[in-house]
Amino acid sequence: MRRKCPECGDVIVGRIDKKYCSDGCRNSQNNRLNKDSKNLIRNTNNRLRKNYRILEALNPNKKMKCSRAKLIEKGFDFNYFTSLYTTKAGTIYYFVYDQGYLPLEGDYYALVKRDD
């Protein structure tokens, strides 16, 4: 019985457990099957990276105050962060890796950098 490549339909030559005729066909099929989940992960990582760069650029000295408008103007997306930190007093800091922000009154944010 001749086995056929599930990607291109060519006859598979070689080992009995070989599933594809070539690395190209194997990669093509796997890329197509994983396309949706890879796009979601890539888009999420891109947004996190952009948020990180914005916080890093606006906060070179590890602590400062910034307006919400300034963050939005730079393209910051408040829906994407990597962790939350709640102090004993109940204050919630949002972090993108080691760059954080704390909502203050009057549409301002305290920007902080967590020490390593």
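## Helix α1 and its buried face

The buried residues of helix α1 are Cys25, Gln29, Leu48, Asn51, Tyr52, Ile54, Leu55 and Leu58, where buried means under 20% relative accessible area, exposed over 50% and partly exposed in between, with a 1.4 Å probe and protein chains only. Among the elements that cover these residues are β1, α2 (68–74), β3, β4 (99–103) and β5 (108–113), contact being heavy atoms within 4.5 Å. Helices (H or I, at least four residues) and strands (E, at least two) are DSSP runs, numbered from the N terminus.

This is a predicted model, in which local features need pLDDT of at least 70 and side-chain atom pairs count only at pLDDT 80 or more, while totals for chains, interfaces and linings use all residues. Residues are numbered from 1 along each chain as its sequence is written, and side-chain values use heavy atoms, with hydrogens and water left out.

## The kink in α1

Helix α1 spans residues 23–58, and although it has 36 residues, its end C-alpha atoms are only 45 Å apart, short of the 52 Å that a straight helix would reach; the expected span is 1.5 Å times one less than the number of residues. A kink of about 60° is centred on Lys35, the bend at a residue being the angle between axes fitted to the seven residues ending there and the seven starting there.

## The sheet

Five strands form an open antiparallel sheet in the order β1-β5-β4-β3-β2, with two strands counted as paired if DSSP finds at least two bridges between them. Strands β1 (63–67) and β2 (83–86) stand at the edges with a single partner strand each, so one side of each is left without a neighbour in the sheet. Strand β2 is joined to β3 (residues 92–96) by four bridges, and Ser83 has Phe95 in β3 as its bridge partner.

## Salt bridges

Five salt bridges are found in the whole structure, each a side-chain nitrogen of Lys or Arg within 4 Å of a carboxyl oxygen of Asp or Glu. One of them joins Arg26 to Asp23, with the closest N and O atoms 3.1 Å apart; because these residues lie three apart in helix α1, they are separated by about one helical turn. Arg26 is partly exposed at 33% relative accessible area, whereas Asp23 is exposed at 52%.

Another salt bridge is formed by the side chains of Asp98 and Lys113 (3.1 Å, N to O). This pair links distant parts of the chain, 15 residues apart, with Asp98 in the loop between β3 and β4 and Lys113 in strand β5. Asp98 is buried at 16% relative accessibility, while Lys113 is partly exposed at 25%.
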